[in-house]
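This briefing goes through one protein model, topic by topic. Keep the structure in view and locate each part as it is named.

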Amino acid sequence: MANVEGKVVLVSGGARSMGRAHCELLAKGGAKVVIGDILDEDGEAAAKAIGGNARYVHLDVTKEADWIKAVGFAEDTFGPITALVNNAGIGYPAGLEISEAEYRKFVDVNQVGAFLGMKSVLPSMRKRTSGGASIINISSTAGLRALPGSFPYVATKFAVTGMSKSAALDLGPEGIRVNSVHPGTIGDTTMLIANKDYIQPVIDKTPLRRVAKLSEITSLIEYLVSDESGYCTGGEFVADGGVLCLH
């Protein structure tokens, strides 16, 4: 069992779906969780439902000022941050002929957002009095292989994978671990529920013949937050039902 008791975790995009599931499991395990999101009503509701181990703060991941505010709020409320889950992201079908404005939106949210998160938590992580710290960047199987009709998503998720490895090299001597997580298709996320016709073809091409449960991804996040994963850094943690074995 991964032990996250006493960890202070900032989760971006934590108001609903996969992000909220991460927050719920971490708080249940005794971590102090700060939910960061632009969905204020959903975020406040999530914090209230989770209880005393959770708080909500408005966080637009594309704005450095918001990150600085969120980190300060976490410190003031719970103490120095010991883990960051860069979960916020966008994704929808789009090819190479996407507009520049749309492409930059993918870059700003998926790539720059992850960069700003990593940069902003470092001063707080360096204040910790014991143990290591962990940065977890949510990439995708599309951060390890190309997909048709997904040019900006693939580009930015590959970037997250590379950024994680580079940061792991730089921060390792300080005891700050950086890993990327690569989920396959998850059946009970808001994004997928809105695209039900997409599910069956994915199942047919997945060796396990099913999509993932949220709990199967959140348990991986819990492990990477915990000290049980203390020798894991620069890694690509894949939970895709075997899909990448086919490529």
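A residue counts as buried when its relative accessible area is under 20%, as exposed when it is over 50%, and as partly exposed in between. Ser 17, with a relative accessible area of 22%, is therefore partly exposed. The model is predicted.

**Positive phi angles**

- Ser 17 is not a glycine, yet its phi is positive, at about 55 degrees. Ser 17 belongs to helix H1, which covers residues 17-28.
- Arg 209 is another residue other than glycine with a positive phi, here near 60 degrees. Arg 209 sits in the loop between helix H7 (199-204) and helix H8 (214-225).
- Arg 209 has 52% relative accessibility, so it counts as exposed, because the cut-off for exposed is over 50%.

**How helices pack: the terms**

- Two numbers describe a pair of packed helices: the angle between their axes and the distance between the axes.
- An angle under 35 degrees counts as roughly parallel.

**H1 and H2**

- The axes of H1 and helix H2 (residues 40-50) come within 10 Å and cross at roughly 25 degrees. H1 and H2 are therefore roughly parallel to each other.
- The crossing of H1 and H2 is right-handed.
- On the H1 side, the contact is made by Arg 20, Cys 23, Glu 24 and Ala 27, and on the H2 side by Ala 46, Ala 49 and Ile 50. The residues of this contact of H1 with H2 comprise five nonpolar, no polar and two charged.

**H3 and H4**

- Helix H3 (residues 64-78) packs against H4 at an angle of about 40 degrees, and their axes are 9 Å apart.
- H3 and H4 also make a right-handed crossing.
- H3 contributes Glu 64, Trp 67, Val 71 and Glu 75 to the contact, while the H4 residues include Gly 113, Leu 116 and Lys 119. By class, the contact of H3 with H4 has four nonpolar, four polar and three charged residues.

**H4 and H5**

- Helix H4 (residues 100-125) and helix H5 (residues 151-171) have axes that come within 8 Å and cross at roughly 15 degrees. H4 and H5 are therefore roughly parallel to each other.
- The crossing of H4 and H5 is right-handed.
- Among the contact residues are Tyr 103, Phe 106 and Met 118 of H4, and Phe 151, Lys 157 and Met 163 of H5. The contact of H4 with H5 has 16 nonpolar residues, three polar and one charged.

- Thr 161 lies in helix H5. Its relative accessibility is 5%, so Thr 161 counts as buried.
- Which residues does Thr 161 touch, not counting residues up to four places away in sequence? They are Ser 139, Gly 143, Leu 144, Ser 180, His 182 and Glu 236.

**Cysteines**

- How many disulfides does the structure hold? The structure holds zero disulfides.
- A disulfide requires a pair of cysteine sulfur atoms within 2.5 Å. The closest cysteine sulfur to that of Cys 232 is in Cys 245, and because the two are 19 Å apart, they are too far for a bond.
- Cys 23 has a relative accessible area of 0%, so Cys 23 is buried. Cys 23 is also one of the H1 residues in the contact with H2.

How values were computed
Residues numbered from 1 in each chain as written. Predicted model: local features only at pLDDT ≥ 70, side-chain atom pairs only at ≥ 80, totals over all residues. Heavy atoms only, no water. Buried < 20%, exposed > 50% of the residue type's maximum accessible area, 1.4 Å probe, protein only. Axes fitted to C-alpha atoms, helices over the stretch in contact; angles between N-to-C directions. Helix = DSSP H or I, 4+ residues; strand = E, 2+ residues; numbered from the N terminus. Parallel < 35°, antiparallel > 145°, perpendicular 65-115°, else oblique. Left-handed = near helix turned anticlockwise from the far one by under 90°. Contact = heavy atoms within 4.5 Å. Nonpolar A, V, L, I, M, F, W, Y, C, P; charged D, E, K, R; others polar.
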